[in-house]
Amino acid sequence: ERTVAIVGRPNVGKSRLFNRLVGKRMAIVHDMPGVTRDLASAEVEDNYNLLDTGGIGMKPEMTPQMIHDATEEQVDFAVQAASVIVFVTDGIEGLTVIDEELAKQFRRYGKPVVLVVNKIDKQSAVRNLDDFFKLGLGDPQAISAEHGDGVDVLHEVIVSQMPPYKPPFYSKKEERRIRICLCGRPNVGKSSLGNRLLKAPRLIVSEVAGTTRDAIETDLDYTDSDGTELKFRLMDTAGVKPRRKLGSSLDYFSGLRTSGAIERTDIAFLVLDAMTGVTKHDKTLAGEVLKFGKGLVIVVNKWDLALEQFREQPVRGYETEKEFREAFAEAVDKELFFLPKSPILFVSAVSGFKVESILKAARTVDVTSGLQLPTGALNKTLSKLMDKQAPRIVGKKRFKVYYSVHVSSRPITIRMFCNREEQLDDRYRRYLETGLREAFQLEGCPIRLDLVGKP
Ligand code: GDP
């Protein structure tokens, strides 16, 4: 990640410098309300995020000790979050004890540090410049944030220290064969669904060479009704293809577990039986899918039977089949509350009703889980969520997130730089995940919050 953090004591000119570095370039300045108002951040033209840590830990009236603590807090954060640290000092004041302490810390962490001596437009600053070599952080960059002298050179130095730019993880052109697998307890209809799917008219099926008897994989090339070509690999189809039928459906389930199909898949179809609803066994399996961070589509099979029953003896309160279906979906959601909110499809393997639609749903979830969440919007959303419902206070300190960034996909992984990670309990974690999922429409995609606290 290309993140640059500006740190230094109060009043050395950090925010001036921030504005200078941002100002000349095309940049999106994130106005970050709420909890992260401590931090100013901007995405700068050369594909890096610039952070002004100046607000972290700052309060209106501060004793020298408080200034010292606040500065340390900034450094702790910057060391973790940034690939390059811009350490700003005040040339007029000259080298101070705090500067020396900060330098000591920076040397210990071994992160690239660009030492800046600001206010060089004043003669006294020029006279003090030599002292800063003593910090052992290389040649100081003499600048005037106020007037702009030296800022372009500084920018070049910063960019030269940064890791190379890697484009976002998901490119649209990429040929991706989406790995899918049908999981569910015995008799929910996995084999029936698989077999029905393989008979879909717009589907070209080819067995993947080299797969073993226990873990047969099949490639599915499907042309959607609107002409879109979708490519899948159906994992672990032992028991699906009639000529390979391994006997009881139990084999499928045990095969699925041993061959690690869930581990290797991109999207898991969690197949439920409409006639039994969600069972304990289903929940266990759902937990497995969640553990591996896989995309999820919930498939309620045997919907033909459920509808038949509904027609024969209508359930009170539900006038139409649609209402019945919606209530069913709601009940499933409730039972599987611990899962990410996922698409729920109602199908019948026996009649073929909606069976092909599961492919389209898998594709949608797969694309979503490969998206990159923009840093600005991500931080704004998290701030709003934390403002709306603050984490509880443990001891004296409140859990605080300085800055978050989406670091990888499948599963969507968000690194959160915070002051104390141990205070994020499961409930609050789920609250944040759900909020993110709603804001960015991440249905079916698990979200990992990767918390980074004090080193
Ligand atoms: P698996 O163990 O999950 O692979 O389940 P199977 O595919 O072997 O199906 C178990 C039983 O449910 C079989 O008797 C199927 O005929 C029946 N079945 C599967 N899907 C449906 C469906 O959509 N509707 C009805 N009515 N029966 C189904």
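## Hairpin of S3 and S4

Asn47 adopts a positive phi near 60° in the hairpin of S3 and S4, where three residues lie between the strands. Helices (H or I, at least four residues) and strands (E, at least two) are DSSP runs, numbered from the N terminus. The model is predicted: local features need pLDDT of at least 70, side-chain atom pairs count only at pLDDT 80 or more, and totals for chains, interfaces and linings use all residues. Residue numbers start from 1 along each chain as its sequence is written.

Strand S3 (residues 40-44) and strand S4 (residues 48-52) run antiparallel and are joined by five bridges; two strands count as paired if DSSP finds at least two bridges between them. Ala40 is opposite Asp52 in S4. Five of the five residues of S3 are buried, that is, 20 or more other C-beta atoms lie within 10 Å of their own, with C-beta atoms placed from the backbone. Burial applies to both faces of S3: Ala40, Ala42 and Val44 are on one side, Ser41 and Glu43 on the other.

## Seven-stranded sheet

An open sheet of seven strands with mixed pairing has the order S9-S10-S11-S8-S12-S13-S14. Strand S9 (203-207) and strand S14 (344-346) are its edge strands, each pairing on one side only. From one strand to the next the twist averages 25°; axes are lines fitted to C-alpha atoms, for helices over the stretch in contact, and angles run from 0 to 180 degrees between N-to-C directions.

Five bridges pair S9 with strand S10 (residues 218-223) in the antiparallel sense. Val205 faces Leu220 of S10 in this pairing.

## Helix H12

Helix H12 (residues 357-369) lies across strand S8 (178-183), S10, strand S11 (229-234), strand S12 (267-273), strand S13 (295-301) and S14, and runs at about 160° to S13. Contact between two residues requires C-beta atoms, placed from the backbone, within 7 Å.

The end C-alpha atoms of H12 are 19 Å apart, which agrees with the 18 Å that its 13 residues should span at 1.5 Å a residue; the expected span is 1.5 Å times one less than the number of residues. Buried residues of H12 include Ile358, Leu359, Arg363 and Asp366.

## Domains 2 and 3

The chain is divided into domain 1 (3-161), domain 2 (178-368) and domain 3 (375-452), with bounds from an automatic or database domain assignment.

Conventions. A residue is buried if 20 or more other C-beta atoms lie within 10 Å of its own, exposed if 12 or fewer, and partly exposed in between; C-beta atoms are placed from the backbone.
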